[in-house]
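Have a look at the model first.

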Amino acid sequence: MGNRWQMEKKKDPYYKKAKQEEYRSRASYKLKQLDKKFNIIKEGNSVVDLGAAPGGWSQVALEKVGEEGIVVGVDLNRFKRFPEENYYGIRGDFTEKEVQDKIITLLGRKAKVVLSDASPSLCGIKNIDQLRSIDLTNVVIEIAENILEEKGNLVIKVFQGPEYKNMLDSLKSKFRQVKTTKPPSSRKKSSEMYVVGLGYNHHKKKIKKEN
């Protein structure tokens, strides 16, 4: 199975493209395609990349924010840091408050964009994997609520399952727009989807209740 996976990877056009264009991961093209469609990251933005290793999304974010922006990448696994002075890497568990506090300290402000292409540890049992995915998704949403500035944007990878609709409804109560999509570079056989929240509004839910 390992040899077959290696052969498929080498035939993958996005894997080849990443090698040619010196991106750390084929996943870089997922964020590039999402950003082109939804205009998520702008020059000068502060961006937090949760589950950043090996750095494919952080690499794209650095290109987009330019020298005036800042990118903070967080992952449990060690990965090669970027040479740019406006990049900060944290090795740690982003579900822990200590790590979240460190993100805020490094930013010196709230984030304009929160990204997460993270996946939970999968066991191969569909129902369990879906529940683990939703648990991780909810953690990312909770972190985003704590560190996103008003009108900020969120991009998160999710796997469809029983709690998928509830998660979307929750996001719709917090963002001006919520879009779901599967970028062309996402493997067709993968059940992953990407949810984009545009225009964070922490007053939105409260206003709806009052009305």
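What follows covers the whole chain, then the confidence values, then a handful of individual residues.

Keep in mind that this is a predicted model. The protein chain has eight helices and seven strands. Its C-alpha trace spans about 60 × 40 × 35 Å along the principal axes. As for the radius of gyration, a compact globule of 211 residues would come out near 17 Å, and the protein chain has 17 Å, so the two agree.

On the inside, buried residues account for 49% of the 211 residues. If you take the contacts with a separation of 6 or more, 63% of them link residues 24 or more positions apart.

Now for the backbone. Most residues other than glycine have a negative phi, and most peptide bonds are trans.

| Site | Backbone value |
|---|---|
| E22 | phi near 60° |
| K151 | phi about 70° |
| A53 to P54 | cis, omega about 5° |

E22 is in the loop between α2 (13-20) and α3, and K151 is part of strand β5 (residues 148-159). Are these two residues buried or exposed? E22 counts as exposed because its relative accessible area is 66%, over the 50% cut-off. K151 is exposed too, at 61%. P54, at the cis bond with A53, belongs to the loop between β1 and α4 (56-65).

One more residue deserves a look. E43 falls in the loop between α3 (28-38) and β1 (46-50), and with a relative accessible area of 67% it is exposed. Which residues does E43 touch, leaving aside those up to four places away in sequence? The answer is K64 and V65. There's also G66, 23 residues from E43 in sequence, with a C-alpha to C-alpha distance of 5.7 Å between the two.

Terms used:
Residues numbered from 1 in each chain as written. Predicted model: local features only at pLDDT ≥ 70, side-chain atom pairs only at ≥ 80, totals over all residues. Heavy atoms only, no water. Helix = DSSP H or I, 4+ residues; strand = E, 2+ residues; numbered from the N terminus. Rg over C-alpha atoms; globule rule 2.2 N^0.38 Å. Buried < 20%, exposed > 50% of the residue type's maximum accessible area, 1.4 Å probe, protein only. Contact = heavy atoms within 4.5 Å.
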